[in-house]
Every structure is written in C-alpha cells, then in structure tokens.
Amino acid sequence: MRVWLPATLLASLLLVLSAGMPVLEPLFNWVQPGKQQVIYERESFLFLLQNHLMLVVVSAAVGTFVAVAGGIFVTRPFGRDFLPLVGQVASIGQTFPPVAVLALAVPVLGFGEAPILLALVLYGLLPILRNTLAGLEGINSAVREAALGMGMSPVQVLVRVELPLAGRVILAGIRTSVTINIATAAIGSTIGARTLGDPVIAGLVNGNTAYVLQGAILIGLLALTTDSLFEALERSWDRRLQSVGV
C-alpha cells in the first residue's frame, strides 16, 4: 500500500487545488498586484483538468496500442525487415514539432480536440516503441526456447512469457511518453481544445502572471501525479514477477 501513497497524496492535492483555487486569491493578488481579476474563471479548473486528462489518456491508449503492436511485429521473424522503417516513422513523429502538426491538421480536422490528439499520438510513439523493442529483444533466447519446448505456441510464448518479462521496460516507455504529452497537450488551447493550457494562454495574452501560474501549477502537479502513479505500477510489476519466481 505504501507504494501508492505518493501518487494518492499528489492526486488529492491536484483535486483540492483544482476545486479550491479561488481560496488562494489573496496569494495571487500579491503575485499580480493591480489586477481586478486574478483567478481564471472562464472555465472551471476541474473541467479543464478533466478535458486535459482525457486528451492525454486517449492519445496514450492509441499510441501504446500502435507502438506495442509495431514493436511486436518487427521482433517476429516475418517482420524484421520492417524494423528500420518502423523506427524511422516513429522518429519522424517525435522530431516533427507538435505546433507544425497542428498547423497542418487544423485545415483538415478543424479546431478543437482532434488536431491535438493527432499531435499527441505522433509525439508519444517513439518512447513506447523504443522501450517495446528494448524489452522484447532483451529477453534471453533460451527463455523463449524453453517455453516452446514446454509445448507453448508462439502466441502463448508472446503473451505468457515475453510481454510479462518486457512489461516493466514497456511501462517505462509509456511513463515517459505520457509525462511529455501532459505538457504538450497544453498547446491544444491555442486551437480551441479545452485544457489546462487555457489559463496559461489567457495569462500570456493579457499579461496576467497569476493566470499563467495557475495553469502551470496544475499542469506540473498532473505530471508529478502521473509520474508517481507509473512508478508505483512499475514497482508492483516487479513484485508480481518476483512473486512468481521470475
């Protein structure tokens, strides 16, 4: 239970701040003196947090499925010839700036969540793919041969042996991808997506440092909470493997 405590505390603090930001008005009045309004009120912070989290979760789910499936495909004998191509495609996705993806996607997909989702998926592929490849290729070939010798089919070896052994490394890649995309999702506010970037953009436009701080604090807390959650998941995965003697 202790392993989940940091993530639980951070998540609680995130929710309390999102719901109770107006209570900190005196503090933000000190940060931004002379402003009539120092608490961002165009949208509820809880609503913005929910939308921000939804964008990150959906993009992470799609990116994880594509990257893990691609990693599995190119580590099979029939797919090894495609390894350089898959790696290059994923690398292009991350080296292409998200802002450029938005500029190209908006004319096709319109304003709102769709363009930023596309940018987040492309931007998050590479860490997951790299870790999937590292995890699967790092498994001792003798383990696979032993599993096949026990009568397992190739699919059973993948599901019951390879993925559990590589899971810790794959989780680390997902952790990196999601943490990066929590910050990247904020730029979605520039094209009409409702995210925690809204107060940041509004603060920059209006010269209101208090707004910028409110968005930045919540984005930072969300990143810390998510990172702590993944750390707990990785430790739990290790303990599970140890409990079965792997």
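**View 1. Ring pairs link Tyr40, Phe45 and Tyr211 into a cluster.** The structure is a predicted model, in which local features need pLDDT of at least 70 and side-chain atom pairs count only at pLDDT 80 or more, while totals for chains, interfaces and linings use all residues. Residues are numbered from 1 along each chain as its sequence is written, and side-chain values use heavy atoms, with hydrogens and water left out. Rings of Phe, Tyr and Trp (its six-membered ring) pair if their centres lie within 6.5 Å; planes under 30 degrees apart count as stacked, over 60 as edge-to-face and the rest as tilted. There are four aromatic pairs in the structure. One of them is edge-to-face and joins tyrosine 40 to tyrosine 211, with 5.4 Å centre to centre and 90° between the planes. This pair links distant parts of the chain, 171 residues apart: tyrosine 40 is in the loop between α2 (25–31) and α3 (45–74), and tyrosine 211 is in helix α10 (residues 209–243). Helices (H or I, at least four residues) are DSSP runs, numbered from the N terminus. Both tyrosine 40 and tyrosine 211 are buried. Buried means under 20% relative accessible area, exposed over 50%, and partly exposed in between (1.4 Å probe, protein chains only).

**View 2. Phenylalanine 73 and phenylalanine 82 form a tilted aromatic pair.** The ring centres are 5.6 Å apart, and there is 45° between the planes. Phenylalanine 73 counts as partly exposed because its relative accessibility is 33%. Phenylalanine 82 is also partly exposed, with a relative accessible area of 40%.

**View 3. A nonpolar patch on the surface is formed by Met54, Val58, Val62, Phe65 and Val66.** Together these residues have about 440 Å² of accessible area. Accessible areas come from the Shrake-Rupley method with a 1.4 Å probe; for residues, only the protein chains shown count as cover. Patches are made of residues with over 30% relative accessible area and no salt bridge, where like charges are joined within 9 Å and nonpolar side chains (Val, Leu, Ile, Met, Phe, Trp, Tyr) within 5 Å.

**View 4. Arginine 168 and glutamate 234 meet in a salt bridge through their side chains.** A salt bridge is a side-chain nitrogen of Lys or Arg within 4 Å of a carboxyl oxygen of Asp or Glu. The N to O distance here is 2.8 Å. Arginine 168 lies in helix α8 and glutamate 234 in helix α10, so the pair ties together parts that are 66 residues apart in sequence. Arginine 168 is partly exposed at 29% relative accessible area, whereas glutamate 234 is buried at 4%. The structure holds nine salt bridges.

**View 5. Arginine 175 in helix α8 (residues 154–184) meets aspartate 227 in a salt bridge.** The distance is 2.7 Å, N to O. This pair links distant parts of the chain, with arginine 175 in helix α8 and aspartate 227 in helix α10, 52 residues apart. Arginine 175 counts as buried because its relative accessibility is 18%, and aspartate 227 is partly exposed at 26%. Leaving aside neighbours within four places in sequence, arginine 175 is in contact with Asp227, Phe230, Glu231 and Glu234. Contact means heavy atoms within 4.5 Å.

**View 6. Glutamate 231 and arginine 175 also meet in a salt bridge (4.0 Å, N to O).** Glutamate 231 is in helix α10 and arginine 175 in helix α8, 56 residues apart. Glutamate 231 is partly exposed at 29% relative accessibility. Salt bridges that share partners join Arg168, Arg175, Asp227, Glu231, Glu234 and Arg235 into one network.

Technical notes:
Helices (H or I, at least four residues) and strands (E, at least two) are DSSP runs, numbered from the N terminus.
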